[in-house]
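I opened a new page for this chain today. My plan is to look at the model first, then at a few residues.

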Amino acid sequence: MGQTYKILGTQVASQYLAMGVLGTIFGGAYLGLSGGSSKAKPATPPINASSPDEADFIKKFLEQNQQEQKK
């Protein structure tokens, strides 16, 4: 049996400490690199319209175009 350490009054073997450290490192790396949700809305360029009516027309056109592409 290997070396043991006394942690909080309990004898803990060195192999358990090593497994805990490695598990924490790899678990943290997995969570850190997994990224955010891919359901985020894609960024669209800003609409530079000269009037609110023109902006509404462009938005409706884009929505209709997206609905047609889904079909």
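**Confidence.** I checked the pLDDT first, the predictor's confidence in each residue from 0 to 100. The protein chain averages 88, and 89% of the residues score at least 70. I noted a caution: where pLDDT is low, the predicted coordinates should not be read in detail.

**Ground rules.** This is a predicted model, where local features need pLDDT of at least 70 and side-chain atom pairs count only at pLDDT 80 or more, while totals for chains, interfaces and linings use all residues. Residues are numbered from 1 along each chain as its sequence is written, and side-chain values use heavy atoms, with hydrogens and water left out.

**Layout.** I found two helices and two strands in the protein chain. Both kinds are DSSP runs numbered from the N terminus: helices are H or I with at least four residues, strands are E with at least two. From the N terminus on, the order is β-β-α-α.

**Helix H1.** Just after H1, Gly-35 takes a positive phi of about 80°.

**Record check.** I looked up UniProt, where an unreviewed entry lists residues 12–33 as "transmembrane region". UniProt positions are given in the numbering used here, feature names are shortened, and annotations may be inferred rather than shown by experiment. In the model, residues 12–33 are 91% helix and 9% strand, with end C-alpha atoms 31 Å apart.

**Surface.** The chain's accessible surface is about 6,800 Å², and 59% of that belongs to carbon and sulfur atoms. Areas come from the Shrake-Rupley method with a 1.4 Å probe; for residues, only the protein chains shown count as cover. Of the 71 residues, 3% count as buried. Buried means under 20% relative accessible area, exposed over 50%, and partly exposed in between.

**Leu-8.** Where does Leu-8 lie? I found Leu-8 in the loop between strand S1 (4–7) and strand S2 (10–13). Leu-8 counts as exposed because its relative accessibility is 85%. Its phi is near 55°, a positive value in a residue other than glycine. Most residues other than glycine have a negative phi.

**Tyr-16.** Tyr-16 is found in helix H1. At 53% relative accessibility, Tyr-16 counts as exposed. Tyr-16 and Thr-4 are twelve residues apart in sequence and 9.5 Å apart in space, C-alpha to C-alpha.

Note on methods
Buried < 20%, exposed > 50% of the residue type's maximum accessible area, 1.4 Å probe, protein only.
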